[in-house]
Amino acid sequence: MQKRKLGGSGLEVSALGLGCMGLSFGYGPAAEKGQAIALIRAAVDQGVTFFDTAEIYGPFTNEALLGEALAPVRDRVVIATKFGFELPQPDGKQVLNSRPAHIRQAVEGSLKRLRIERIDLLYQHRVDPEVPIEEVAGTVKQLIQEGKVKHFGLSEAGAQTIRRAHAVQPVAALQSEYSLWWREPEREILPTLAELGIGFVPFSPLGKGFLTGAINESTTFDSTDFRNLVPRFSAEARRANQALVTVLGQIAQQKGVTPAQIALAWLLAQQPWIVPIPGTTQRHRLEENLGAAAMTLTESELRNIDSALSAIEVEGARYPAHLQRNVGR
């Protein structure tokens, strides 16, 4: 597995990381613990050194799972987690809280669950409009000085927030959605990151599974699956968006690979400081995804992909309205 550095931070990780949320939360019932640990350790064996979690995933259970799975190989991996919510909320609502005292409380909990002495990369999960970003960055700066955190990150933050935070404590990475069916970061976010020397960690690089070709308009999701709430996953939107997957499948067939591998290789080709974190609960999907890191798309192939997909307009919002309010601040 090739390595990449997240911007100018010096934080070196595998070219593809593993997003661990879906093992515990978000996409239906949690994976069986033994199988989840086996999958995480299989990723390590295949060269993955970058693992992503958050206290809200579960809540708390995903961090504990990752802590147990990675304990034997702690010195070989980079663990990223996130703070920023008031937990737990019995009704499942997302209540933002990035007050300094709460950040410290969250970090102490994460350290215990992850079984580590220092968090390699600590993200603010969502920007809290009630707390100035300078105060958040300043708190994380203190935690870095205390040795409890190594690098600071933001998630789903807008360009001006990134600049303000970076002025207080250098931001190592931004984590936000980016893929062949959500390219909005190209407008303002990617130029900002390039200017400031900040790495980019795209989540949902496979469009929450849609770009794999395994989902169509007749697919039904478990009642606990987050995609039931996403406008882009309504049956009508899936029907309309199938055109994108069809074209992606044709391109993949020509190259003798899978649509997922094309989607990941395309992301890797955009910038050397981009590190996608596809998630999966299945061993064969893990191996398929990691195969993309060994692929090279030529300039001609990249132009053909852009040309073929530029004529297709993706239908449906990527978040329901109540969650959309928390992004791009």
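The buried residues of helix H1 (residues 33-45) are covered by elements that include strand E3 (18-19), strand E4 (50-52), helix H2 (61-70) and helix H9 (283-291), where helices (H or I, at least four residues) and strands (E, at least two) are DSSP runs numbered from the N terminus. The model is a predicted one, in which local features need pLDDT of at least 70 and side-chain atom pairs count only at pLDDT 80 or more, while totals for chains, interfaces and linings use all residues. Residues are numbered from 1 along each chain as its sequence is written, and side-chain values use heavy atoms, with hydrogens and water left out.

In H1, the buried positions are Ala36, Ile37, Leu39, Ile40, Ala42, Ala43 and Val44, buried being under 20% relative accessible area, exposed over 50% and partly exposed in between (1.4 Å probe, protein chains only). The helix has 13 residues and reaches 18 Å from its first C-alpha to its last, close to the 18 Å expected at 1.5 Å a residue, the expected span being 1.5 Å times one less than the number of residues. At the start of H1, the backbone nitrogen of Gly34 has a side-chain oxygen of Glu32 within 3.0 Å, and after the helix comes Gly47, with a positive phi near 100°.

Helix H9, one of the elements covering H1, has Leu286, Glu288, Asn289 and Leu290 as buried residues. These pack against E3, H1 and helix H8 (259-270), contact being taken as heavy atoms within 4.5 Å. H9 also gives the largest share of the lining of the largest cavity, with three residues. A search of the whole structure finds one cavity of 30 Å³ or more, and the volume of the largest cavity is about 30 Å³. On a 1 Å grid over the protein atoms alone, a cavity is a set of points where a 1.4 Å probe fits but cannot get out, whereas a pocket is an open set with protein on both sides within 12 Å along at least five of seven lines, and lining residues have an atom within 4 Å of a point. The largest cavity is lined by Gly17, Leu18, Val48, Pro278, Leu286, Asn289 and Leu290, of which five are nonpolar, two polar and none charged.

The second largest pocket holds about 290 Å³ of space and has 18 lining residues, with Glu156, Trp182, Glu184, Arg318 and Gly328 lying nearest its centre. Strand E8 (residues 171-177) contributes the most to this lining, namely three residues, and by class the lining comprises eight nonpolar, four polar and six charged residues.

Two loop residues were also examined. Ile198, in the loop between helix H6 (189-196) and strand E9 (199-203), counts as buried because its relative accessibility is 1%. Leaving aside neighbours within four places in sequence, Ile198 is in contact with Gly7, Ile162, His166, Val171, Ala172, Ala173, Leu174, Leu193 and Trp273; the C-alpha atoms of Ile198 and Ile162 are 9.5 Å apart, although the two residues are 36 apart in sequence. Gly7, in the loop between strand E1 (3-5) and strand E2 (12-14), is partly exposed, with a relative accessible area of 25%. Not counting residues up to four places away in sequence, Gly7 touches Gly197, Ile198, Gly199 and Trp273, and its C-alpha is separated by 8.4 Å from that of Ile274, 267 residues away along the chain.

Definitions and conventions
Polar contact = N/O pair within 3.5 Å; in protein donor to acceptor, adjacent residues only side chain to side chain. Points joined across faces, edges and corners; volume = space filled by probe spheres on them. Nonpolar A, V, L, I, M, F, W, Y, C, P; charged D, E, K, R; others polar.
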